[in-house]
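Hi everyone, thanks for coming. Let me put the structure up, and then I'll walk you through a few parts of it.

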Amino acid sequence: MIIDPGNTGPSEASDSNDAASGVPPFGLHSHLTGDLFSPQAYSTVGRDVKGSGIDKIFSLLDRLDRDIVPLVAGSPDPHLLPLETLGKLSAEMYESGDPSFLNYGVVDGEYALRTFLAAKFRDEGVPVDEDNVTITTGGVQGIDLMCRFLLDPGDPVVVEAPSYSNTLACILNHRGEIVPVEMEYDGINIEDVERQVKLFAGRGRPVKMIIVNPTFQNPTGITLPLERRKQLLDLAHRHNFVILEDDPYRDLRFSGAPEPLLLALDDGSHVVHTSTFAKTISPGIRVGYVIAAKGVIDRIIMARSTIDNGTNVPAQRLVYAFCRGGYLGPQVERLARAYRTKKEAMVSQLEASFGHDDRVKWTNPEGGFFIWLTLEPEVVTEDLLGYAMAEGVAFVPGSASERSLIFLALSTQHITSACLFRPISLAILDLSTTWLAMRTFFRTPPLTNASASSTLAQVIPTAPAANCL
Ligand SMILES: Cc1ncc(COP(=O)(O)O)c(C=O)c1O
């Protein structure tokens, strides 16, 4: 555990008597820095519990004492969060004289919010009512619960490669096996999905579930076209697996026409839909939802009684007041306009830097938060991250099996139409070796803080200096 240096000064509790008695001054030394008496004290799940890779980068960035442009995660630009409206609605709630929102809520989720969502999904062609909707603590809770309900140890789950890192952690934490199938520019390769499904069926371990983020996927920005949606559904029906449609970016469309929901194309038996208000209203509010057959919803509700006893009630009321008050539509339009500007700024800088070089390719998403870059020849992009952070920017590198991939989140506040950074001269320096040294030339001073550098060194492999310009 790292103790915040800000808390290490002498405190009122740390007098000389404490020192004499051997009692460490409060905040200076904790006796809780270790672990339980033995790893065996934990269950198998507890021993091997997995977190999110991206969250790790985020918490690191949070600790650094200089700004790093975080092109890292699906975090909204804070300036676009509806502070004033939520403040006003919140004040109305607290001043209403009705304290019911401070009491326990129903585990199912607020009835009014579930009714609102059911109507929204009916408008999208899904014949549901409020009994098919439950509110979760963020979208990720829905994914976690589906893994909990469907997976026995070793059960294979097909995922898009790359995928949202928390989804992968959910599968592992529920002892499932991740079966990655490569993303293409038009979504997951369905023939490869079928190949994997047959392979695992042949081994006597049928695939239980595929998790897809079909619209403006995190982290590639790719949308699954209609034809592939239909093929995927057909596969799910023929081989009897569940499609978890995790779709939090769907409403953030800048251009083009939406594809139908997988949930709308299905007959209600093979698709579970998860989403969240994190991208359209606020991630801090932690309100998400699941839309599914009633049997699934009932299980989720029962499980929630022992997990968190339901989602924060004031947060749900606030979200509902926001929707009922007619603020959601204009907010989504405002966000789509703003993110479109950011996307265009980023794409035009990519054009300026790499337009002449067909070894660098990138996606041009019609919505959402992400752009995906592919570099050739093969490069260890994790190592490039070290260079980039020294220049004041963080991106998400591809994993060991996705060595040449870079994912850029365009939602950050730092990207504006006037762009605070120089042309993303993600300048590639030495194409003759397997190293592509990338200079990411943002207008931020180089990393000078020694403690920041050493903290970085713990998690980010450094590339040989000879390859760094
Ligand atoms: C694809 C995807 N699914 C789910 C989530 C989780 O949403 P929430 O923050 O509401 O838990 C995210 C958040 O980044 C995401 O990108």
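Let's begin with the sheet: five strands form an open sheet in the order β1-β12-β13-β11-β10, with mixed pairing. Strands here are DSSP E runs of at least two residues, helices are H or I runs of at least four, and both are numbered from the N terminus. Two strands pair if DSSP finds at least two bridges between them. The edge strands, each pairing on one side only, are β1 (69–71) and β10 (360–362).

A quick word on the source. This is a predicted model, where local features need pLDDT of at least 70, side-chain atom pairs count only at pLDDT 80 or more, and totals for chains, interfaces and linings use all residues. Residues are numbered from 1 along each chain as its sequence is written.

Back in the sheet, β12 (residues 393–397) and β13 (residues 405–409) pair in the antiparallel sense over two bridges. Pro397 has Ile406 in β13 as its bridge partner.

Now the helices. How do α5 and α12 cross, left-handed or right-handed? The crossing is left-handed, meaning the near helix is turned anticlockwise from the far one by less than a right angle, where clockwise would be right-handed. Ala112, Leu113 and Phe116 in α5 meet Gln316, Val319, Tyr320, Cys323 and Arg324 in α12, with contact meaning C-beta atoms, placed from the backbone, within 7 Å.

Technical notes. Contact = placed C-beta atoms within 7 Å.
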